[in-house]
Amino acid sequence: MISIDRKGTIKRICAVLIVVLAAAAVSGCFPNMMGQQQQQTVKTDPVYSPDGLKIAFISTHDGDPEIFVMNADGTGLRKLTDNSAVDAAPSWSPDGGKIVFTSDRGGSFELYRMSSDGSQQQMIPTPIEDM
């Protein structure tokens, strides 16, 4: 059986791969992939809130990946991020009050956090250079 730490590591690796592929598609590395995204909305990276009542996910319905949240039954859809950058890999805080995600809005991918309603978006400073 896989330990919880290993599952977390696997999830982080998958999240990084998704971010890299999304960035490559948006930057034009895969022109056919970007053309498909413009024709249909792609929804990915669903993650339940700790209480199981909400789902955060990525959608490209406006042309670039943005973070959305909705109730677990599919109602109450809300767009949390709205910019021309790639916002991806949402993850809930243990209490469900915050969402951590990655974004290239500063020119390179960094970690960001926001309240679960999308307010108070800010970059999380990381001490590791060129990560």
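I began with Phe57, which is buried at a relative accessible area of 8%; buried means under 20% relative accessible area, exposed over 50%, partly exposed in between, with a 1.4 Å probe and protein chains only. This is a predicted model, where local features need pLDDT of at least 70 and side-chain atom pairs pLDDT 80 or more, while totals for chains, interfaces and linings use all residues. Residues are numbered from 1 along each chain as its sequence is written, and side-chain values use heavy atoms, without hydrogens and water.

I then checked Phe68 and found it buried as well, at 5%.

I searched the whole structure for aromatic pairs and got two. Rings of Phe, Tyr and Trp (its six-membered ring) pair if their centres lie within 6.5 Å; planes under 30 degrees apart are stacked, over 60 edge-to-face, the rest tilted. Phe57 and Phe68 form a stacked pair, 5.8 Å centre to centre with 20° between the planes. Phe57 is in strand S2 (residues 54–59) and Phe68 in strand S3 (residues 66–71), 11 residues apart. Strands here are DSSP runs of E, at least two residues, numbered from the N terminus.

Phe101 and Tyr112 are also stacked, at 5.7 Å and 25°. Phe101 lies in S6 and Tyr112 in S7, so this pair ties together parts 11 residues apart in sequence. I read 0% relative accessibility for Phe101, which is buried, and 7% for Tyr112, also buried.

Last, I looked up how S6 and S7 pair: they are antiparallel, over six bridges. Two strands pair if DSSP finds at least two bridges between them.

How values were computed: Helix = DSSP H or I, 4+ residues; strand = E, 2+ residues; numbered from the N terminus.
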